[in-house]
Amino acid sequence: MPLITWKDVNERYPETAKYADATQADSAYVAYAVAEIEGRLSQRFAVPFSLNNITARDLAIDATAAATDRCRHAMCRAK
């Protein structure tokens with residue numbers, strides 16, 4: 001089971017729900033955000049993180065929301 005899901009991101013940041021559907025977001029945003037968090041923290045902590053690691057989950061949710069926002073702004077500029 002993944003560390004977080006798109007639903008977790010939408011619960012904290014409801015505005016992200018309009019930018020991508022769950023299938024697209026889980027593969028495009030969530031997976032990369034989790035990999036980034038685990039990669040950055042792997043030098044000091046054992047990865048993959050367990051589902052009850054609240055700090056890792058919070059970081060992954062915030063990183064996913066930030067990636068979604070960056071992508072949304074890039075698409076707005078392209079139009």
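Helix 2 has a kink of about 30°, centred on Val30; the bend at a residue is the angle between axes fitted to the seven residues ending there and the seven starting there. Welcome to a predicted model, in which local features need a pLDDT of at least 70, side-chain atom pairs count only at pLDDT 80 or more, and totals for chains, interfaces and linings use all residues. Residues are numbered from 1 along each chain as its sequence is written, and side-chain values use heavy atoms, with hydrogens and water left out.

**Overall layout and confidence**

- The chain has three helices and zero strands, and from the N terminus on its elements run α-α-α. Helices (H or I, at least four residues) and strands (E, at least two) are DSSP runs, numbered from the N terminus.
- The average pLDDT, which is the predictor's confidence in each residue from 0 to 100, is 87 for the chain, and 90% of the residues score at least 70.
- Confidence is highest in helix 1, at a mean of 95, and lowest in helix 3, at 81.
- Of the 79 residues in the chain, 30% are buried. Buried means under 20% relative accessible area, exposed means over 50%, and partly exposed lies in between (1.4 Å probe, protein chains only).
- The accessible surface of the chain comes to about 5,300 Å², and 55% of that belongs to carbon and sulfur atoms. Such areas come from the Shrake-Rupley method with a 1.4 Å probe, and for residues only the protein chains shown count as cover.
- Among the contacts in the chain with a separation of 6 or more, 67% are between residues 24 or more positions apart. Contact here means heavy atoms within 4.5 Å.

**The aromatic pair**

- Rings of Phe, Tyr and Trp (its six-membered ring) pair if their centres lie within 6.5 Å; planes under 30 degrees apart count as stacked, over 60 as edge-to-face and the rest as tilted. By this rule there is one aromatic pair.
- The pair is stacked because the rings of Trp6 and Tyr29 have centres 6.1 Å apart and planes at 25°.
- Distant parts of the chain are linked by this pair: Trp6 is in helix 1 (residues 6-12) and Tyr29 is in helix 2 (residues 22-41), 23 residues apart.
- Both partners are tucked away from the surface: Trp6 is buried at a relative accessible area of 2%, and Tyr29 is buried at 9%.
- Leaving aside neighbours within four places in sequence, Tyr29 is in contact with Trp6, Ala20, Gln24, Thr64, Ala67, Thr68 and Cys71.

**The nonpolar core**

- A nonpolar core is a set of buried Ala, Val, Leu, Ile, Met, Phe, Trp, Tyr and Cys residues joined through side-chain atoms within 4.5 Å. The largest one holds 18 residues, and Leu3, Ile4, Trp6, Val9, Tyr29, Val34 and Ala60 touch the most other members.
- Helix 1, helix 2 and helix 3 each supply at least two residues of this core.
- Val34 is found in helix 2 and is buried, with a relative accessible area of 11%. Not counting residues up to four places away in sequence, Val34 touches Leu3, Ile4 and Ala60.
- Helix 2 has as its buried residues Ala25, Tyr29, Val30, Ala33, Val34, Ile37 and Glu38.
- An α-helix has 3.6 residues a turn, so residues three or four places apart point the same way.

- Thr64 sits in helix 3 (residues 54-78) and is buried, with a relative accessible area of 0%.
- Beyond residues up to four places away in sequence, Thr64 touches Ile4, Trp6, Val9, Tyr29, Val30 and Ala33.
- Asp69 also lies in helix 3, but Asp69 is partly exposed, at 32% relative accessible area.
- Asp69 and Thr16 are 53 residues apart in sequence, yet 7.9 Å apart in space, C-alpha to C-alpha.

**A cis bond in the loop**

- The peptide bond from Val47 to Pro48 is cis, with omega near 0°.
- Pro48 lies in the loop between helix 2 and helix 3 and is exposed, with a relative accessible area of 64%.
- Pro48 and Glu38 are ten residues apart along the chain, and their C-alpha atoms are separated by 6.7 Å.
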